[in-house]
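I begin with the backbone.

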Amino acid sequence: MPEKIKWGIIGPGKIAEKFAQDLLLVDDAVLYGVASRDANRSADFAKKYRVARAFDSYKAMVTDPEVDIIYVATPHVFHFEQTMLCLRSGKAVLCEKPFGMNAREVKIMTGEARARNLFLMEALWTRFIPGTEKLLELIQKDTIGKIQYVKADFGFLGDGNKESRVYNPDLGAGSLLDIGIYPVYLSLLLLGIPDQIKAVVSFTDTGVDSFCAILFDYLSGEKAFSESSILSNTPIEAFIYGDKGSIKMHSRFHHTEKLTLQLNNNTTETFHCPYIGNGYYHEIKEVMDCLKQGKTESEKMPHSMSLDLILTLDKIREMIGLKYKADD
Ligand SMILES: NC(=O)c1ccc[n+]([C@@H]2O[C@H](COP(=O)([O-])OP(=O)(O)OC[C@H]3O[C@@H](n4cnc5c(N)ncnc54)[C@H](OP(=O)(O)O)[C@@H]3O)[C@@H](O)[C@H]2O)c1
C-alpha cells in the first residue's frame, strides 16, 4: 500500500457525511472519490468535503485505479451487491453494518475477499471506540470478576416514514438489524455465542420489527438481555455485571465516552474516554493500520466475528418470523 491511502465512498447519505468528517482527521487518509446514483448528490458532497473526484455511478469509481479502499454506506440490502462489486474490481472494502442481510451473503463476501487477498471489514465502530477499549481492559484485569449478566438497550422514536430504510422492508428495515445489532454485538464480544436464545417482538404495519427483546442464555450460567425499539426513545445504556462489581457504559453506550465502575465494596470510579471527531476516526485508523501492514482482516473485528454476529441475527429473525427478500 502507498503511504497515502485513497478512499472512495459509495452512497453519500447521512452516515457518509459523519464518516467523511472523520476521514479528514486521519493522517495519510485521502478522501479521493465519492459515488452516487445522482451526479448532483456526489458533486455536492465532493464540494463540501474537498473530494477530488465525484462519480455519477458506483461502477465508474470502482474501476478508477487511483482508489485503494471503498466505504460502502448505503442501506443494508445493498451491502452485499456493492461490496462484491468493489472486491471484484480489486478494491479493499469497509462496509457499514449489518455487513449483509444474512449469513449466506456474509460468507460469500468474506470468501471473495479471502480469495482475492483483499482487506474487508464490517464498520462496527463500537469495537474501536476508546470507551470499549477501556471496558475490555477492565474486564481483562478481572476488575468485576466473572461476568454474570449483560444488559443493553437501543431505542429511538422513528418518524413513521414507510419509505425510509427504518420502515421499508425492501431496504432491510426494522429495529434489530439497524440498532439491535449493537447490544447483540456487545453480548457476543463479552460472552461469545449463546447456547439458547429467546426473543419477543412487535411488528410495524410494514411488516418489520418495531421492538425486539432478546435473552441470551449460556450453559456456563451467564445471561444477556438486549432490547431494540423504533417505538420510543430509550436510555441507550449498557451494564455489565460481574461477581465483584459492575460497569455502566453511559449513553450512548455503543460510542460511550464514560464508564462507571461500581465494586461490591461500594467503591465507585468513573473513567472518561473521549473519542476523536464523531467517533468513526478510530475504526478508520484501524483500517489504515491494517492496510499499511498488508493485513486482509482486522484482528479486532475479524470476519469470524461478523459471521458470528450475522448467524446470531439470523437465528433471532428465524425465531421472530422476520424475513427479507434476500432470504428467498
Ligand atoms: N455506524 C453508524 O453509526 C451508522 C449510523 C447510521 C447508519 N449506519 C448504516 O449505514 C447505512 C446507510 O445508512 P444512512 O442512514 O446513511 O442511509 P441513507 O442516508 O438513507 O442513504 C445512503 C445512500 O444510500 C443510497 N440509497 C438510499 N436509499 C436508497 C434506495 N431506496 N435505493 C437505492 N439506494 C439508496 C443513496 O445513495 P445514492 O446517493 O447513490 O443514491 C444514499 O445516498 C445503513 O446500512 C446503516 O445501518 C451506520
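Entry one, backbone. I looked up P98 and found it in the loop between β5 (92-95) and α5 (103-116), where helices (H or I, at least four residues) and strands (E, at least two) are DSSP runs numbered from the N terminus. The peptide bond that leads from K97 into P98 is cis, with omega near -15 degrees. I noted that the peptide bond from S251 to R252 is also cis, its omega being near -10 degrees, and that R252 is placed in the loop between β12 (245-249) and β13 (258-263). N117, although not a glycine, has a positive phi of about 60 degrees, and I located N117 in the loop between α5 and β6 (120-122).

Entry two, basis. The model is predicted, so I kept in mind that local features need pLDDT of at least 70 and side-chain atom pairs pLDDT 80 or more, whereas totals for chains, interfaces and linings use all residues. Residues are numbered from 1 along each chain as its sequence is written, and side-chain values use heavy atoms, with hydrogens and water left out.

I found 23 residues around the ligand, of which S36, R37, R41, Y58 and Y280 are the closest; a residue is near if one of its heavy atoms lies within 4 Å. By class, this shell holds 10 nonpolar, six polar and seven charged residues, with Gly counted as polar and Tyr as nonpolar. Both α1 (14-23) and α7 (175-191) supply at least two residues of the shell. Because domain 1 (5-123) and domain 2 (130-274) both give residues to the shell, the ligand lies between them; the bounds come from an automatic or database domain assignment.
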